[in-house]
Amino acid sequence: MVDFSLTDTEREVRDWVRTFVKKEIMPLEPEVLRRERRNEPGLTHDELKSLQLKAKESGFWGVQTPEEYGGMNLSAVMSALLEVELGRSFVQFRFGGYADNILYDANEEQKKRYLEPTIAGDRISCFAITEPGAGSDAKNIRTAARREGDEWVINGEKTFITGGNEADFTMVFAVTDKEKGADGGVTCFLVDRDQGWRSEYIDTMGEWGPASLIFEDVRVPHSAILGEEGKGFELAMRWIGRGRYMLPARALGACERLVEMAIDQANNRVTFGEPIANRQAIQWMLADSAVEIEALRWLVLNAAWQIDQGMDSRHAQSMAKLYGGVKANEIVDRVLQIHGGMGYTRELPIERWYRELRLLRIYEGTDEIQRRTIARNLLKRHVSISGTLG
Ligand SMILES: Cc1cc2nc3c(=O)[nH]c(=O)nc-3n(C[C@H](O)[C@H](O)[C@H](O)COP(=O)(O)OP(=O)(O)OC[C@H]3O[C@@H](n4cnc5c(N)ncnc54)[C@H](O)[C@@H]3O)c2cc1C
């Protein structure tokens, strides 16, 4: 039976994060906005680290990291609930003690070199599959790794890589067998920046830019392979899969906060002698947003719950990602509308969220790609339209 009531401990954990966001994160918002307006990072690396250490003092470290690596190993449902709380601020805070899920596939030596320092916050990773000629169609990547003795020589260009300017190593996906392609011919390599790749900043409508990564005859030893040779595409899909309920969870938190702002504005702003809250046009925008937030909450929790049950959650995750992206954009637009001209200014963070939430419809699988997955599952009768409860 699906039961989302929280135990006392779960509620305590959630409430601790809620308070932390209110006391430690939200007060930083005005300064973060000012810095971003000057094209500076909202939080410096050191500031982020010191906030993470503060959270660590209360045990909040490595939310989904296994206990043997010092993490909390929380369930997917709890992780999603915490992400909602973090999403209530646009400050880009995340708990420390995190490493990409696929780094756990590393061998013992690689774990010491990449996984453990990443969890400790001493190394920064980036995930590089997208190329100028291959985004949604990731199977079409052209970056190639050629074997020479005990080395591989990597050539190609990656694009739109989050953290690509800051990372000191990358998990890069390259074709190692052209004939097999994504079906056994793509391999993931762990490559340090000082092994020869370089990055170039890409200016976007968001507050921070991803990067192009350029590989020109970058030589790495055979031991740089993460997982197995030829099994890279599965790793890439697993990495992308981890975000399809967490991204909409974060957007859900943003929507809750935005609608709270809209409620205040509706009650306070007087036009033609009455608060705009008295107008049906405004009420309906609030009502539609509330219904959609509630629906999104259940989609996110259902996807997370399926993961915790060990079920194949891909369909549920695609639904949460699609709905979250589309609805968060509609909701932020309504909230901006309710604020009138002020909503369009940079004095308020609404326009910032407006730009940030737009990304959700593009990365880690566009709306169209989620719809493609959902439709395909239905047409091939992999899933029932009646959902998991039948
Ligand atoms: C800020 C940002 C950060 C990113 N971070 C990373 C990262 O860290 N690592 C990484 O590897 N990538 C990253 N990406 C890349 C991102 O995943 C791709 O941009 C995304 O998958 C879409 O690929 P594309 O841009 O090539 O668009 P395309 O694939 O060219 O798509 C263009 C349009 O066509 C539509 N379309 C494509 N195929 C179909 C189809 N079969 N049916 C219907 N419509 C279709 C798409 O939905 C889209 O609307 C990032 C992108 C951005 C913008």
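**Close-up views of the predicted model**

**View 1. Asn73 is partly exposed, because 15 other C-beta atoms lie within 10 Å.** A residue counts as buried if 20 or more other C-beta atoms lie within 10 Å of its own, as exposed if 12 or fewer do, and as partly exposed in between, with C-beta atoms placed from the backbone. The model is predicted: local features need pLDDT of at least 70, side-chain atom pairs count only at pLDDT 80 or more, and totals for chains, interfaces and linings use all residues. Residues are numbered from 1 along each chain as its sequence is written. Asn73 belongs to the loop between helix H3 (45–57) and H4. Helices (H or I, at least four residues) and strands (E, at least two) are DSSP runs, numbered from the N terminus. The phi of Asn73 is positive, about 50°, although Asn73 is not a glycine.

**View 2. Helix H4 (76–87) is mostly covered.** Twelve of the twelve residues of H4 are buried. Among them are Ala76, Val77, Leu81, Glu83, Glu85 and Gly87. The cover over the buried residues of H4 includes helix H1 (8–25), helix H7 (246–268) and H8. At 1.5 Å a residue, the twelve residues of H4 should span 16 Å, and the end C-alpha atoms of H4 are 16 Å apart, which agrees. The expected span of a helix is 1.5 Å times one less than its number of residues.

**View 3. Asp308 lies in helix H8 (residues 280–308).** Asp308 touches Ser75, Ala76 and Val77, leaving aside residues up to four places away in sequence. Two residues are in contact if their C-beta atoms, placed from the backbone, lie within 7 Å. Asp308 is partly exposed, because 15 other C-beta atoms are within 10 Å. Between the C-alpha atoms of Asp308 and Glu29 there are 34 Å, and these two residues are 279 residues apart along the chain.

**View 4. Domain 1 and domain 3 are in contact.** The protein chain is divided into domain 1 (8–98), domain 2 (125–230) and domain 3 (243–379). These domain bounds come from an automatic or database domain assignment. The centres of domain 1 and domain 3, taken over C-alpha atoms, are separated by 21 Å. On the side of domain 1, 15 residues are in contact with 21 residues of domain 3. Helix H2 (29–37) and helix H4 (76–87) each supply at least two residues of that side of domain 1. H4 provides its largest share, nine residues. By class, the side of domain 1 that touches domain 3 has seven nonpolar, three polar and five charged residues. Ala, Val, Leu, Ile, Met, Phe, Trp, Tyr, Cys and Pro count as nonpolar, Asp, Glu, Lys and Arg as charged, and the others, Gly among them, as polar.

**View 5. The ligand lies between domain 2 (125–230) and domain 3 (243–379), because both give residues to the shell around the ligand.** The ligand is surrounded by 21 residues, and the closest are Thr130, Gly135, Ser136, Thr366 and Glu368. Strand E1 (125–128), strand E3 (151–161) and helix H12 (367–379) are the elements that give two or more residues to this shell. A residue is near a molecule if its C-beta atom, placed from the backbone, lies within 6 Å of it. H12 gives the most to the shell around the ligand, with three residues. The shell has ten nonpolar, seven polar and four charged residues.

**View 6. Strand E3 pairs with E2 and with E7.** Two strands pair if DSSP finds at least two bridges between them. Strand E2 (residues 144–148) and E3 run antiparallel and are joined by five bridges. Ala144 stands opposite Asn155 in E3. The hairpin of E2 and E3 has two residues between the strands, and Gly149 takes a positive phi near 60° there. Eight bridges link E3 to strand E7 (residues 211–221), also in the antiparallel sense. Here Gly156 stands opposite Phe215 in E7. Asp217 is also found in strand E7. The phi of Asp217 is positive, about 50°, although Asp217 is not a glycine. Asp217 is exposed, because 9 other C-beta atoms lie within 10 Å.

**View 7. Helix H9 (residues 314–338) is largely enclosed by the rest of the structure, because 19 of its 25 residues are buried.** At 1.5 Å a residue, the 25 residues of H9 should span 36 Å, and the end C-alpha atoms of H9 are 36 Å apart, which agrees.
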